[in-house]
Amino acid sequence: MKYTQGPWEFRQTRIDDSAFISDIHAPHQDNPKENGTDPTVATTWYRSVDGQAEANARLISVAPELLECLREWNSLVINSGAEGFDEIAKQTEKVIAKAEGN
């Protein structure tokens with residue numbers, strides 16, 4: 001599965017029609033459809049004032065970095081040969097596969 005290359009960036013939350021909207025962009029990526037501007041990777045929308053849209057956007061914006069850290073961590077666990085990590089490695093592999101669409 002191919003996703004927009006990271007890093008991704010959270011942009012400030014705005015209010016539109018009584019909803020709180022936050023965009024996640026991919027800086028340094030070419031986006032011909034939007035006149036070369038950073039492509040929007042995701043948009044969160046929420047009607048509450050509790051900051052949930054912004055919190056969701058911040059979590060989404062670090063997804064590529066989290067996935068890379070998880071891959072590196074899992075490699076270290078598998079290569080360590082330490083006892084008891086087999087189940088954690090299996091769970092981590094499932095999460096990585098899910099993120100990759102497998």
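## How the two helices cross

A crossing is called left-handed if the near helix is turned anticlockwise from the far one by less than a right angle, and right-handed if clockwise. With that in hand, have a look at this predicted model: the crossing of α2 and α3 is left-handed.

Two packed helices are described by the angle between their axes and the distance between the axes. For α2 and α3, the packing angle is about 150°, and the axes lie 10 Å apart. Angles over 145 degrees count as roughly antiparallel, and α2 and α3 are therefore roughly antiparallel to each other.

## The largest pocket

What lines the largest pocket? The lining consists of Tyr3, Trp8, Ala63, Pro64, Leu66, Leu67, Leu70, Val95 and Ala99. By class, nine of the lining residues are nonpolar, with no polar and no charged ones. The space in this pocket comes to about 180 Å³.

The helices turn up here again. Both α2 (63-80) and α3 (86-99) supply at least two residues each to the lining of the largest pocket. Which element gives the largest share of that lining? That is α2, with five residues.

Before you zoom in, a word on confidence. Across the chain, pLDDT averages 77, and 84% of the residues score at least 70. Confidence is highest in α2, at 87, whereas strand β2 (residues 14-16) has the lowest, at a mean of 74.

Terms used. Residues are numbered from 1 along each chain as its sequence is written. This is a predicted model: local features need pLDDT of at least 70, side-chain atom pairs count only at pLDDT 80 or more; totals for chains, interfaces and linings use all residues. Side-chain values use heavy atoms; hydrogens and water are left out. On a 1 Å grid over the protein atoms alone, a cavity is a set of points where a 1.4 Å probe fits but cannot get out, and a pocket is an open set with protein on both sides within 12 Å along at least five of seven lines; lining residues have an atom within 4 Å of a point. Grid points are joined across faces, edges and corners, and a volume is the space filled by probe spheres set on the points. Helices (H or I, at least four residues) and strands (E, at least two) are DSSP runs, numbered from the N terminus. Ala, Val, Leu, Ile, Met, Phe, Trp, Tyr, Cys and Pro count as nonpolar, Asp, Glu, Lys and Arg as charged, and the others, Gly among them, as polar. pLDDT is the predictor's confidence in each residue, from 0 to 100. Axes are lines fitted to C-alpha atoms, for helices over the stretch in contact, and angles run from 0 to 180 degrees between N-to-C directions. Angles under 35 degrees count as roughly parallel, over 145 as roughly antiparallel, 65 to 115 as roughly perpendicular and the rest as oblique.
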